[in-house]
Every structure is written in structure tokens, then in C-alpha cells.
Amino acid sequence: MNVLTRNFAQNLFKYNGAGFIQGAVRSFCAAALNGKEIEKLVNNNKVVIFMKGNPDAPRCGFSNAVVQILRMHSVKYDSHDVLQNESLRQGIKDFSNWPTIPQVFINGEFVGGCDILLQMHQNGELIDELKKAGIESALAKESEK
């Protein structure tokens, strides 16, 4: 770290406290993952979730609920752990203009978070959305029997 950078960082720390430096670093890191990179992740599979943890070990109850709903429907999906990458965590929030995690995308379209997916599951709309994406829900198969 050169003298100018060190002095600038020290002045920020003295003037604003640690919270400002942390916020500045967070904003800088978020810029590293641009919208096109996020869009590639969103369009990589028919169903994509950005969550805390991974499907085998969710690290929050909301992420766990989304995983359980998708399991009930036997949906194959890509998942991305936002806790492993701060730029992904902020980048997906900026991309979807939605402040919370988890985030669910179907056919490249943002569906919502846990509360919306749960509501769609309960009222049957999730089966319809999956069908539009060419995915047959296991729950739809069971109800036909």
C-alpha cells in the first residue's frame, strides 16, 4: 500500500469510523461482478436460486424453505451461495432490484424470494410457472394420478 493510499484510508477511518470503510469496500467489490456476468448465471439453467449456503447445507431458514419447496416439486436447479462472494451478494440485489436473499429465477425471469415462492407453491402458481419453462412438477404428476 503506497503512502497516499494509506493516508487516505487512515483519514477515512478517523473521520467516519470502521462502518464507512466497510461500506466503501462492499461497494467497490460489488462493482467487480457486472450485470452481464449475473445475467449469464441467471440464464445458465431454467431455475436458478441465489441463496445463503448451498442446497445440502442452507445457512438461513428462508433459503432452506426455497430448497424444500423445489425438492417437493423435484426441480433441478443451479444454486449460488452469496455468502461465498460479496460481489455476487450485492450484484444479484442490484440486478433484480430486490433487497433480500434468497432470490429465485425461472426461465431467466426474477420470480421473487421465499415468501413469493411459498405463496406460489401454496396456490398452485408454481406448477404453472414451471410448466411454462418446460418443467413438469412432481406434485403435478401426483395430482394427476
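User: So buried means under 20% relative accessible area, exposed means over 50%, and partly exposed is in between (1.4 Å probe, protein chains only). Is D56 buried, partly exposed or exposed?

Analyst: D56 is exposed, because its relative accessible area is 71%. This is a predicted model, where local features need pLDDT of at least 70 and side-chain atom pairs count only at pLDDT 80 or more, while totals for chains, interfaces and linings use all residues. Residues are numbered from 1 along each chain as its sequence is written, and side-chain values use heavy atoms, with hydrogens and water left out.

User: Thanks! How many salt bridges are in the whole structure?

Analyst: Two. A salt bridge here is a side-chain nitrogen of Lys or Arg within 4 Å of a carboxyl oxygen of Asp or Glu. In one of them, D56 pairs with R71, with the closest N and O atoms 3.9 Å apart. This pair links distant parts of the chain, 15 residues apart: R71 is in helix α4 (residues 61-72), and D56 is in the loop between β2 (53-54) and β3 (57-58). Helices (H or I, at least four residues) and strands (E, at least two) are DSSP runs, numbered from the N terminus.

User: And which side chains meet in the salt bridge at 3.1 Å?

Analyst: Those of E129 and K132. Both lie in helix α7 (residues 125-132), three residues apart, about one turn of the helix. E129 is partly exposed at 26%, whereas K132 counts as exposed at 62%.

User: New topic: what does the side chain of D78 make a polar contact with?

Analyst: With the side chain of N44, at 3.0 Å. A polar contact is a pair of N or O atoms within 3.5 Å; within protein, one must be able to donate a hydrogen and the other to accept it, and residues adjacent in sequence count only if both atoms are side-chain atoms. D78 sits in strand β4 (residues 78-81). D78 is buried but has no salt bridge, and the nearest side chain of opposite charge, K76, is 11 Å away. For charge, Lys and Arg count as positive and Asp and Glu as negative; His and the chain ends are not counted.

User: Last one: at what angle do α3 and α5 cross?

Analyst: Helix α3 (residues 35-42) and helix α5 (residues 86-96) cross at roughly 85°, and their axes come within 10 Å. Axes are lines fitted to C-alpha atoms, for helices over the stretch in contact (heavy atoms within 4.5 Å), and angles run from 0 to 180 degrees between N-to-C directions. Angles under 35 degrees count as roughly parallel, over 145 as roughly antiparallel, 65 to 115 as roughly perpendicular and the rest as oblique. So α3 and α5 are roughly perpendicular to each other.
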